[in-house]
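Me: I am new to this structure. Please walk me through some of its labels and what stands behind them.

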Amino acid sequence: MPLPFSLFLALRYLRPRRSFVSVITLLSVLGVSLGVAVLVIVLSVMAGFSHELEKKIIGFNAHLIISNGEILTRPQNLIDLAEKDPLVTGAAPFVSGPVMVEYASRITTPILRGINLDMEEKVIPIKKFLIAGSYDLEGESVIVGEEWAKHSDAYLGDKVLIYAPRHFQAFRDNFQKGKQTTILPSEFTITGIFRTGLYEYDSSYFITSLANAQYLYSLGNGVHGISIRIKNPLAATKVKERLNLRLLPPIEALTWIDQNKPLFSAIAIERIAMTFILFFIIIVAAFGLCSTLITITVQKSKEIGLLKALGARDDQVLSIFILHGLIVGICGTFLGLIIASLALYYRNSFRDFIGRHLGIDLFSADVYHFAKIPMEIDPLLIAGISFGAMSICVLAAWIPAMNAAKLTPSKALRYE
């Protein structure tokens with residue numbers, strides 16, 4: 001016999017036969033395969049989505065900002081301080097806050113961002129996001145997001161009326177003095193349209209010059225913060241810690257992770273929840289495997305008794321059924337990885353097929369702003385899923401294996 005008898009018998013019990021037990025074994029293998037495949041597909045797509053989201057957020061946001069939550073009156077001193085750090089490649093002042101915009105008898109409330117064009121290019125290359133118009137903020141001009149322009153039916157050269165804190169402050173002062181007054185908004189011309197690929201930014205951001213924003217917010221020479229770009233975005237926390245040692249509270253540095261913490265926390269929690277839920281598919285398959293082995297131990301009790309009468313040890317009998325569960329886990333995991341690989345490779349073709357024939361848009365570009373379904377394969381994640389699936393199968397085999405190992409020859413062969 002070329003194989004150890006424990007492995008030989010484990011493989012023999014897996015041999016397809018015209019019996020209900022073999023059907024349950026096959027279903028157990030398929031259950032493990034589907035569980036592994038779904039886990040790998042879902043978590044790989046979620047990882048790709050998170051990675052693409054990070055790239056888009058980093059692309060339109062500074063890696064760090066310096067702010068005190070109010071007004072920075074000496075921004076140049078903070079810029080000089082930031083640029084002394086060896087990892088910092090650029091720093092620029094900005095003004096950012098909500099305003100009311102009137103266009104075509106509609107009121108919207110986008111975020112107005114005031115920037116210094118020359119300095120901002122070293123931090124956030126907004127020019128590369130421009131899809132129409134010119135990168136020109138001279139005079140009372142503004143660059144708007146593509147989604148806002150679509151929803152408002154706005155075009156280059158159109159005029160928008162902006163109501164900012166300066167106008168409301170003037171109205172409040174006159175009201176307190178008992179004077180009747182009318183709010184006169186500032187008129188701006190749309191000179192450009194940008195697209196970042198994220199709906200939140202493309203529908204909610206206006207960009208104008210730093211001088212315009214300072215005027216609308218009555219800041220004088222003050223700014224709301226300093227945006228900073230570094231060589232490696234993943235090193236933002238280290239740079240933040242170094243800067244905070246040299247900044248006087250309440251002024252502090254915040255990373256792009258700090259600014260988007262709720263979003264990334266939600267994605268991380270969702271990934272954990274999906275992993276936990278989808279693992280139950282494998283657990284259900286493991287119950288099928290457990291029932292199969294229990295049935296086998298009952299059917300093969302005479303053979304088990306005979307083996308022990310011939311001198312087979314408890315651990316050898318135990319290993320037969322443990323190996324049975326391990327083989328099911330290995331086969332199911334391997335098949336599941338093949339299914340997942342094919343599904344991930346043809347994910348966009350499958351999406352297009354469903355869209356053409358059933359009219360269902362599985363991953364709408366209008367909502368997610370991704371031309372293709374993103375995907376990122378993490379070898380450690382796949383290894384963890386594979387190990388988890390095989391471990392569950394081995395654990396499912398443990399109880400019937402222990403019962404078989406405890407079976408005494410006298411009881412098994414009593415009526416033979």
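Me: How do you know what shape residues 318-346 take?
Reply: The span is 97% helix and 0% strand, and its end C-alpha atoms lie 42 Å apart. Helices (H or I, at least four residues) and strands (E, at least two) are DSSP runs, numbered from the N terminus. This is a predicted model: local features need pLDDT of at least 70, side-chain atom pairs count only at pLDDT 80 or more, and totals for chains, interfaces and linings use all residues. Residues are numbered from 1 along each chain as its sequence is written, and side-chain values use heavy atoms, leaving out hydrogens and water.

Me: Why is D85 said to form a salt bridge with R242?
Reply: A salt bridge is a side-chain nitrogen of Lys or Arg within 4 Å of a carboxyl oxygen of Asp or Glu. Here the closest N and O atoms are 2.9 Å apart, so the pair qualifies. D85 sits in the loop between α3 (75-83) and β2 (88-98), while R242 is in helix α9 (residues 236-246), 157 residues apart.

Me: What makes D85 buried or exposed?
Reply: Buried means under 20% relative accessible area, exposed over 50%, partly exposed in between (1.4 Å probe, protein chains only). D85 has 3%, so D85 counts as buried. R242 has 32%, so R242 counts as partly exposed.

Me: How do you know that R113 and E120 meet in a salt bridge?
Reply: Their N to O distance is 3.9 Å. R113, at 11%, is buried. E120, at 0%, also counts as buried.
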